[in-house]
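Thanks for coming, everyone. Please bring up the sequence and the structure, and we will walk through them together.

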Amino acid sequence: MTESTPPDRCRIVLIPPAGTPAERVVAALAGGDIASLILPQGDRDEASFQAYAEKIVPAAQAAGIAVVIAGDSRIAGRVKADGLHVEAGKANLAEAVERLQDRMMVGVGGAKTRDDALELGEERPDYIFFGRFGYDSKPEPHPRNLSLGQWWAEMIEIPCIVMAGSDVTSVGAVAATGAEFVALSAAVFADDVEPAAVIAKANALLDETAPHLGG
C-alpha cells in the first residue's frame, strides 16, 4: 500500500506492542504509507518470536515496508528482515554495525540524553530512536523525546525516529520537530480501534501538518 514515491515529510514507523497478534499487524498495513515496521521480541522465546515474525515480514515487504527486528540478529537473518534494532549500548551497536551493516540496516535506541545520543551516533547507525517500547501510555509524546528529536534533526544527518503518544493526533507534535520518522504503537493497536483506520488518519494528519523535509 506504500506509494512508489514516498511522501516528502515525516513518515510512520509502526511498532506493535508486546502481545499484538500478527493478524492485527498485517491488517494495519492496509492503512497507507508506512516507512518501516520494528518488531520487538519482548518476552517471546526465540522460536515463538521467529514464528511471529515469519507471519509478518513477507506481507510487510510485499507492501514496500522495511522490517526491523528488535532482538536477536540470527532471527533477523532467518526471517530475511531488512534490519536489526539494538538497545544495548555503544559496544553492542559497534559490533552489530561492523558485522551486519553491509547486509541490513542497523538502528539504535536507548539514548536518554544528548551525550548518550552523540556517543551512539559515533557508530553511524542507520537511525536513532528516541523513546521506549511500550512507554507511549500518555496521549502526548514524552517531552524529552520531542526535545531530543528536534535537537538531533537540526544537528545530525543520521535520521531519527521519535515515539508519538497514545493519541494519533500526537503525530503532529513529532512532525513539528523536524524528525524524519514518527513511531506509532499503542495508538494503532488499542482494543477499540481498527489499525488500518488509525494509520490512514495518521497519514492524513501528516499530509496536512507535517513540514516538508526536502532532499
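**A walk around the barrel**

H6 lies across S6 and S7. Its direction is at about 165° to that of S7. Keep in mind that this is a predicted model.

Now the sheet itself. How many strands close into the barrel, and in what order? Eight of them, in the order S1-S2-S3-S4-S5-S6-S7-S8. The pairing is parallel. On average, neighbouring strands of this sheet are turned by 30° against each other, direction ignored. Helix H2, residues 46-62, packs on the sheet too. H2 touches strand S2 (36-40) and strand S3 (66-70). Its direction makes about 175° with that of S2.

Let's go to the place where the barrel closes. S1 and S8 pair in the parallel sense, over four bridges. There, Val13 stands opposite Ala183 in S8. Leu14 has Leu37 as its bridge partner in S2.

Which residues of S1 are buried on each side? Arg11 and Val13 are on one side, Ile12 and Leu14 on the other. All are buried, and both faces of S1 are covered. In general, side chains in a regular strand alternate between the two faces of the sheet.

Now look at S7. Cys160 and Val162 point one way from this strand. Ile161 and Met163 point the other way. All of these are buried as well. S7 covers residues 160-163, and three bridges join S6 to S7 in a parallel run. Phe129 pairs with Ile161 in S7. Phe130 has Val162 as its bridge partner there.

Stay with Phe130. What does Phe130 contact, leaving aside its neighbours within four places in sequence? The list includes Ala117, Asn145, Leu148, Trp152, Cys160 and Met163.

In soluble globular proteins, nonpolar side chains tend to be buried together. The largest nonpolar core here has 62 residues. Which members touch the most others? Leu37, Leu39, Ile128 and Phe130. H2 gives the most to this core, with six residues.

In H5, residues 114-121, the buried residues are Ala117, Leu120 and Gly121. Why do we say that they line one face of the helix? Seen down the axis of H5, they fall within an arc of 100°, so they line one face. What covers them includes helix H4 (89-100), strand S5 (105-108), strand S6 (127-130) and helix H6 (143-155).

H9 runs over residues 195-209. Quick check on its length. At 1.5 Å a residue, its 15 residues should span 21 Å. The end C-alpha atoms are 21 Å apart, which agrees. The buried residues of H9 include Pro195, Val198, Ile199, Leu205 and Leu206. The cover over its buried residues includes strand S1 (11-14), helix H1 (22-28), helix H7 (171-176), strand S8 (181-184) and helix H8 (186-189).

Last stop, the loops. Most residues other than glycine have a negative phi, and most peptide bonds are trans. Lys80 has a positive phi, near 60°. Where is Lys80? In the loop between helix H3 (73-78) and strand S4 (83-86). Is Lys80 buried or exposed? With a relative accessible area of 63%, Lys80 is exposed, because exposed means over 50%. Arg124 also has a positive phi, near 55°. Arg124 sits in the loop between H5 and S6.

One more lysine. Lys138 is in the loop between S6 and H6. At 55% relative accessibility, Lys138 counts as exposed. Its contacts, leaving aside neighbours within four places in sequence, are Gly165 and Ser166. Lys138 and Asp45 are 93 residues apart in sequence. In space, they are 29 Å apart, C-alpha to C-alpha.

That's the tour. Thank you.

Definitions and conventions: Residues are numbered from 1 along each chain as its sequence is written. This is a predicted model: local features need pLDDT of at least 70, side-chain atom pairs count only at pLDDT 80 or more; totals for chains, interfaces and linings use all residues. Side-chain values use heavy atoms; hydrogens and water are left out. Buried means under 20% relative accessible area, exposed over 50%, partly exposed in between (1.4 Å probe, protein chains only). Helices (H or I, at least four residues) and strands (E, at least two) are DSSP runs, numbered from the N terminus. The arc is that of the directions from the helix axis to the C-beta atoms. Contact means heavy atoms within 4.5 Å. Two strands pair if DSSP finds at least two bridges between them. Axes are lines fitted to C-alpha atoms, for helices over the stretch in contact, and angles run from 0 to 180 degrees between N-to-C directions. The expected span of a helix is 1.5 Å times one less than its number of residues. A nonpolar core is a set of buried Ala, Val, Leu, Ile, Met, Phe, Trp, Tyr and Cys residues joined through side-chain atoms within 4.5 Å.
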